[in-house]
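These are my notebook entries on a structure that I looked up. I kept them brief and in the order in which I worked.

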Amino acid sequence: MKSRSTLATWLGSLDGSRLARVLGVRKDAMSPPEPRSVGELADRLQRPGSVALVLPRLALPHLQVAEALAALGAPASREALAELLGVADEATTRELDAVLEVLADHALVWPDGAGKLRMAGPLRQVWDAPLGLDAPLEQLLAGATSDELRGMLAALGVKPPGTKPQRLAALVEHLSNAEHVVSVVAKAPAAARKLLERRAEGEPGQPQCIVFGTPGPGLEPGERWALDRGLLVVDRHGYGPARMPAEVALALRGPGWHAPFEPVPPSVRLASVTPAEVDREASAAATVFASHAVSVLSACSAAAPARLKSGGIGARELARIGKAAQADDAVVRLALETAHAAGLLGRDGDRVAPTDAYDAWARQEPPEQFAVLLQAWRSLPLTPTQARDGDNKALPALAGAPPCNGCVQARHGLLDAAAHLPAGQGMAVTSDLGPLIAWHRPLSHSSPPDGTPFATVIREAEILGVLARGALSAFGIHLRAGDTEGLGAECRRLLPSATATARIGADLTAVVAGTPSARLASLLDLVADRETSGTASVWRFSAGSIRRALDAGRTGEDITADLAAVAAGPLPQPLSYLITDTARGHGRVRVAPAACVLHSDEPALLAEIAAHRKLAKLGLRQPAPTVLVSRSPLDTTVAALRAEGYAPVAETAEGTVRIEKTRPQRAAAPVPAPRATGASGGRIAATGVVKAAAAVDPGVLAAQLLKAPPTPAEPAPFDGGAAFATDTEEIVAGWAKHLPYSDVRQLAHAIDTGEPITVEYVAASGNRTVRTLSRLMLDPPYLEAWCHLRDDERVFTLSGIHSVMSPMPE
C-alpha cells in the first residue's frame with residue numbers, strides 16, 4: 001500500500017500534459033470503467049496483470065535498467081543505479097535518463113520526493129534473482145537469532161553490540177563495505193575462497209537438508225567457514241542451497257563488474273534506397289499477394305477444405321489449394337490465417353468454409369481486400385507461415401493453437417526495428433534485421449528456433465510488401481501506427497484497381513494484366529482453367545471447361561455474350577467454334593434419377609398406371625411409351641401396384657424374374673454344448689486331469705452384477721468434489737482439459753516435486769507420442785521440460801497432454 005500511495009503522490013504531482021502522456025502510453029489503464037481518482041488509477045497501474053501487459057512491449061535497455069533496479073532493491077538512488085550499470089560519460093547518462101523517462105511513462109519506475117527511484121511491486125517479482133543476485137543481507141538474516149549474529153560478528157573480528165537489532169545493523173554495515181568483504185575472503189581457506197568466487201558468478205549451490213535449523217552434514221568444502229561469517233546464509237525453514245547475500249556477491253564481482261546496459265541498438269549493414277524504389281517493390285509484392293489471396297479463398301469457396309481429426313487443414317488440402325491458386329505453401333498459409341482472423345473463413349463441421357463476410361469482401365476492389373488481410377496479420381497471435389514444429393513435424397493451418405503473445409511482439413518488433421532505420425537507408429541483408437528485432441522486443445518469440453532469428457516473420461513482411469528493399473514501406477508505417485485510414489489510402493495508391501477486361505487470343509487463352517475483378521475472375525474460372533496467377537493471370541479454354549459452364553446451366557449463346565462483354569477485342573474464331581461445337585453435343589444423352597423402372601409391351605397399360613391418382617405418391621414419370629420411371633424403391637412400387645389391383649412382377653438386376661419364396665419362420669433353439677469324449681463324461685480322455693467347464697447362465701451373471709454395491713469414483717473438484725489440494729492442481733486442471741482428475745493430480749505432483757513423469761502428448765500437427773519429461777516448469781498454458789525422447793529442452797501445450805503415467809524406464 002505504501003508504494004501505491006507513493007505512485008499516487010507522483011501521479012498527482014504531474015502536470016496535465018505529462019499525465020496525459022502516461023495514460024496514452026498505458027492504454028490498458030484506461031479500460032472501462034474509467035478511474036475516478038488518482039488513487040484508483042495508481043492502484044490499477046500496480047496490478048500484476050497490468051504490468052504483464054506492458055513488459056513485452058519494452059526494449060532491451062528498459063528491461064536491463066528495471067532488472068538492475070530490482071537487484072539494488074528499490075527504493076534506490078539514481079547514483080547507485082548509474083554506478084551499477086557503469087554509466088559514466090555524458091552520452092550514456094542521457095541514454096539512461098531517456099530509459100528512465102520511458103519507464104516512468106509506463107508507471108513502472110518513478111522518482112519519489114526523497115530522491116529515490118521506486119518501482120511497481122509486481123515488476124520486482126518478475127525476476128527470481130535479478131542479475132543473478134539473491135536478496136539483501138538484512139532480508140536473509142531476518143530470522144537469525146541474536147547468538148548467531150554475535151558469532152558471525154566475532155568471526156569477522158567485529159565487537160558485537162548488545163541487542164539483536166544492533167548486531168544485525170553492524171553485520172549489514174560491515175558486509176556492505178566491498179573492501180571489508182574482499183579482505184575477509186582474501187584470508188579465507190582455498191576451498192572457501194573458490195566456493196565464494198564461484199557462487200558470486202551466479203553458479204547455484206548444492207541443496208542442503210535443514211534439520212531443526214542446523215545445516216546437515218553434506219556441506220561443500222569451505223561452506224562451513226562462509227556460513228560462520230555471514231558470507232553465505234542458510235534457509236532455516238526449508239530445503240535448499242545456502243544463499244549468498246547480494247552485497248557479498250557484488251563485492252566479490254569487483255569494482256570493474258557492471259550490469260549489462262545496451263542503450264544503443266546493434267549496428268547493421270545498410271544500403272541506400274529511395275522512397276520510389278521502396279514503393280515500387282512494395283506495390284509489386286502486395287499486388288501478387290492480393291491476387292493469390294483471392295485465388296486461395298476462391299478455391300476454398302469452390303471446395304471447402306476438410307479439417308483433420310486433430311484440427312486444422314493438413315498438408316494434402318494445403319497442396320490442393322496451392323495448386324488451384326498457383327501459390328506456394330507460405331502464401332497459402334498466410335492467406336488462410338489472415339482471412340480466418342478477419343472473419344472471412346469459419347469452421348463448418350469437419351470443413352473450413354467461407355462466411356457471409358467473404359461474399360462482401362470478394363466484391364471489393366483489391367486495395368480494400370488487401371487492407372483487410374494486412375490489418376489481420378498485424379495482430380495474429382501466431383506465426384502463420386511456420387510449417388514445422390520443434391520436432392520438425394508438419395503443422396496444419398488453422399489448427400487453433402493457444403495464442404502466442406510473443407509472436408505478436410515479434411511482428412511489432414519488426415515494425416519498430418525497421419522504422420528506426422536511418423532515412424533513405426535499408427537493410428543490405430534483410431536477415432540481419434533479426435538482432436534489431438531482438439533489441440526492440442527481447443521478450444518476443446523467434447521461430448524457427450534452429451534457424452536464423454525471426455526469419456519467418458521477416459519473410460512474411462516481405463511477402464506482404466510491409467518490408468521492401470530492406471526498409472519499412474508505406475504499408476508498414478501506417479500499420480505500425482495503427483492508422484487504418486492512412487493504410488487504406490496507401491493501399492489505394494500503391495495497388496492498382498481490378499482489371500475488368502481480358503485479352504483473349506486465338507490460342508484459346510485469356511490473359512488479364514494485374515488483378516482481375518471479382519466478376520471477371522468468376523466468369524473465367526467458370527469457362528476456362530487458370531494456369532498462372534500473379535502480376536498477370538492466364539486462363540485456357542478447352543472443351544472440358546466449356547462443358548463445365550454448360551453443366552452449370554449456361555447456354556452457348558450466354559457464354560459467347562459474357563466473354564464478348566469482357567474481351568478487349570472481338571472473340572477469336574477458334575474460341576467461337578469451340579463454344580458452338582461443345583454446345584451442339586451437350587445434352588444429347590440424358591441421365592435421369594430413378595429408384596426403379598417399370599416397362600411393358602402395352603403402352604396403354606403404362607399410360608393408365610401413370611395417370612392413376614392413388615399411385616401419384618410413387619413419383620412416376622413416362623420418358624417413353626413402354627417405360628415408366630419411379631422415384632420409389634422397387635418393393636414399395638410393387639406393393640402399391642398390387643394394392644390397386646395390378647399384377648406386376650419384380651425383376652433382378654440381370655433382367656430375370658425374381659422368385660418370391662416365403663421362408664417359414666422357426667423358433668431359435670439354444671445350441672447344445674459340445675459333449676466331451678472318453679470314458680468319463682466330465683473329463684477329457686488321455687489327460688484325466690482337465691475338468692469340463694461349467695456352463696454360465698448370462699441372466700444369472702447379470703443379476704449378480706446388478707446386486708453388487710456401487711463403488712463410485714471420488715468426484716473431481718470441478719464435478720462438485722472437494723477443493724483442489726494445491727494451486728498447481730487448479731492451474732493444470734484449467735488448461736489440460738483432456739485429463740481426468742487423477743491424471744491432473746499426478747501431473748501437478750510431478751511439477752511440485754520435480755519428479756519425472758511420462759505423458760501421452762498430441763502435438764499441433766496431430767502426431768501422437770509418449771514422452772518422459774523431467775525438470776518440469778509450469779508456465780500456463782505451457783509446460784517447459786526436458787524431453788527424454790528428443791534429449792532436449794522442449795515446450796509443451798497443457799491442452800495437448802492426453803494422459804499421464806508413471807515414468808517409463810529408459
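**Entry 1: ground rules.** I noted that this is a predicted model, in which local features need pLDDT of at least 70, side-chain atom pairs count only at pLDDT 80 or more, and totals for chains, interfaces and linings use all residues. Residues are numbered from 1 along each chain as its sequence is written, and side-chain values use heavy atoms, with hydrogens and water left out. Helices (H or I, at least four residues) and strands (E, at least two) are DSSP runs, numbered from the N terminus.

**Entry 2: helix 6.** I looked up the buried residues of helix 6 (residues 78-85) and listed Leu81, Ala82, Leu84 and Leu85. They lie on the same side of helix 6, because they cover an arc of only 160 degrees around the axis; the arc is that of the directions from the helix axis to the C-beta atoms. Buried means under 20% relative accessible area, exposed over 50%, and partly exposed in between (1.4 Å probe, protein chains only). On the face turned away from the buried side of helix 6, I recorded the exposed residues Glu79 and Glu83. The elements that cover the buried residues of helix 6 include helix 5 (60-72), helix 7 (90-105) and helix 15 (246-253).

**Entry 3: helix 12 and helix 15.** I then turned to helix 15 and its packing with helix 12 (residues 178-186): the angle is about 75 degrees and the axes are 9 Å apart. Axes are lines fitted to C-alpha atoms, for helices over the stretch in contact, and angles run from 0 to 180 degrees between N-to-C directions. Helix 12 and helix 15 are therefore roughly perpendicular to each other, a label for angles of 65 to 115 degrees. Helix 12 brings Ala178, Val181, Val182 and Val185 to the contact, and helix 15 brings Val248, Ala251 and Leu252. Contact means heavy atoms within 4.5 Å.

Entry 4: I found an open sheet of 4 strands in the order 12-13-15-14, with antiparallel pairing. Its edge strands are strand 12 (503-504) and strand 14 (529-532), each pairing on one side only. Two strands pair if DSSP finds at least two bridges between them. Strand 14 and strand 15 (residues 536-540) pair over 3 bridges, and Thr532 stands opposite Val538 in strand 15.

**Entry 5: backbone exceptions.** Most residues other than glycine have a negative phi, and most peptide bonds are trans. Leu398, in the loop between helix 20 and helix 21, has a positive phi of about 55 degrees. Leu398 is buried, with a relative accessible area of 3%. Arg775, in strand 20, also shows a positive phi, near 55 degrees, but Arg775 is exposed at 54% relative accessibility. I recorded a cis peptide bond between Pro780 and Pro781, with omega about 5 degrees.

**Entry 6: Ala399.** Ala399 is partly exposed, at 27% relative accessibility. Leaving aside its neighbours within four places in sequence, I noted that Ala399 is in contact with Gly311, Gly312, Arg347 and Ala764.

Notes: Parallel < 35°, antiparallel > 145°, perpendicular 65-115°, else oblique.
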